[in-house]
Amino acid sequence: MRTVKATAAAVTAVLAAGAASVVVGRLAGDAALKAPPGRPLPTEPRLTVHATAAGRIVVTRDLAALRPGTYGLGGDASHAVVGPVLGAESHSADTVVRRLERVTYGTLKPGDKVWLTPNLHVGDPAEALGLDHTDVDIPGELGTLPAWFVPGIRDTWVIAVHGLGTTREHPMNIMEFLHHHRFPVLTLAYRGDLGAPRPPDGLNHFGETEWRDLDAAIRYAVAGGARRVVLYGWSTGATMALRAAARSELSDRIAGLVLDSPVLSWETTVRALAAARRTPGALLPLAVRAAQGRTGMSADRLAGLDVAAPGRPMAPTLIIHGPDDQVAPWGPSRRLAAAHPDRVALHTVRQAPHAAMWNADPEAYEEALRRFLTPLM
């Protein structure tokens, strides 16, 4: 009898541990599958505001706070723009002084928790940049997709799509550059974004289903007079661009791809975001399996370079990525560029977090972009 009871207790303990592991894996996977647009990813540390003065802000000393470049500074009820570190300014050993470019809305007070974000601009292209634009509705698979259209004189349109943790405000970082070069620009919100349809399961699919919304935008552009399109994506938006190039019936209209911080291995990204939530290393495989089970995503195909429509060469592609991306490692980007040296150019940006390659060095970024886009004009 004691043996039977002991065995039953052991089985119960194993089952309980297994159930607990499943729950932990599911919760860990939520860091990626439920990453809300416009909120910081778990890899982005919270910084404390210590003081502000004319043109300066003092924040917690952290590797993130020392990044070169220009960033948005997000808060729960505020947004500002900060420039480079001001090394000559006096400060304590545990703080950093950066140039405070502007406060977009709200206030910054000592004790406020803030985070760096690639989003420099808030609002729409008219409010943020003074650019004429039209609010348009794109018919999508799940319903209407809101988008901004900034007109230009060329018949090659740029369709811009954001990625994890950001919104369609993110592409406004390069919208003035594209407008200066006279490209029509279409920037869309896709399933899961504010104002767009909700995915049936409420989860991010890392471009595996979202690419169909980008395909709808391609159809809209062609119907609106675009002879060709350039797909410009950040993070999972870059993954959507690759999926569209490989699967869209209008792939022959795609003149080129610009991929900023592309997520080429969703499994690696799920692990990274779960680890940032302090998930024990032994449970990270459970987070990946939970994500796969909940979304139905298959093993990474992009690792196998499934990046072109059957019978068609890969479109000319510019990848902009760097070794400091903690969300989407740049190793797959290097391998993709090495596998297609005649079609893919890789512009490396160092000391830049995920999807913030422009922020770290706007001038070099835009020069690489200009060189790539010139033959496609």
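A surface patch here is made of residues with over 30% relative accessible area and no salt bridge, and nonpolar side chains are joined within 5 Å. The model is predicted.

By that rule, Leu-63, Leu-66 and Val-85 form a nonpolar surface patch of about 270 Å². Leu-66 sits in the loop that links β2 (56-60) and β3 (71-75). Its relative accessibility is 32%, so Leu-66 counts as partly exposed.

**The chain as a whole**

The protein chain has 377 residues, and 54% of them count as buried. Its secondary structure comprises 10 helices and 14 strands. Among contacts with a separation of 6 or more, 74% are between residues 24 or more positions apart. The chain exposes about 16300 Å², of which carbon and sulfur atoms supply 54%.

**Helix α10**

Helix α10 covers residues 362-373, 12 residues in total. From first C-alpha to last the helix reaches 16 Å, close to the 16 Å expected at 1.5 Å a residue. Its buried residues are Tyr-365, Ala-368, Leu-369, Phe-372 and Leu-373. They lie on the same side of α10, because the arc they cover around the axis is only 125°. Glu-363 and Arg-371 are exposed, on the face turned away from the buried side.

The elements below are among those that cover the buried residues of α10.

| Element | Residues |
|---|---|
| α3 | residues 175-180 |
| β11 | residues 228-234 |
| β12 | residues 254-260 |
| β13 | residues 317-321 |
| β14 | residues 344-348 |
| α9 | residues 357-360 |

Key. Residues are numbered from 1 along each chain as its sequence is written. This is a predicted model: local features need pLDDT of at least 70, side-chain atom pairs count only at pLDDT 80 or more; totals for chains, interfaces and linings use all residues. Side-chain values use heavy atoms; hydrogens and water are left out. Patches are made of residues with over 30% relative accessible area and no salt bridge: like charges are joined within 9 Å, nonpolar side chains (Val, Leu, Ile, Met, Phe, Trp, Tyr) within 5 Å. Accessible areas come from the Shrake-Rupley method with a 1.4 Å probe; for residues, only the protein chains shown count as cover. A salt bridge is a side-chain nitrogen of Lys or Arg within 4 Å of a carboxyl oxygen of Asp or Glu. Helices (H or I, at least four residues) and strands (E, at least two) are DSSP runs, numbered from the N terminus. Buried means under 20% relative accessible area, exposed over 50%, partly exposed in between (1.4 Å probe, protein chains only). The expected span of a helix is 1.5 Å times one less than its number of residues. The arc is that of the directions from the helix axis to the C-beta atoms. Contact means heavy atoms within 4.5 Å.
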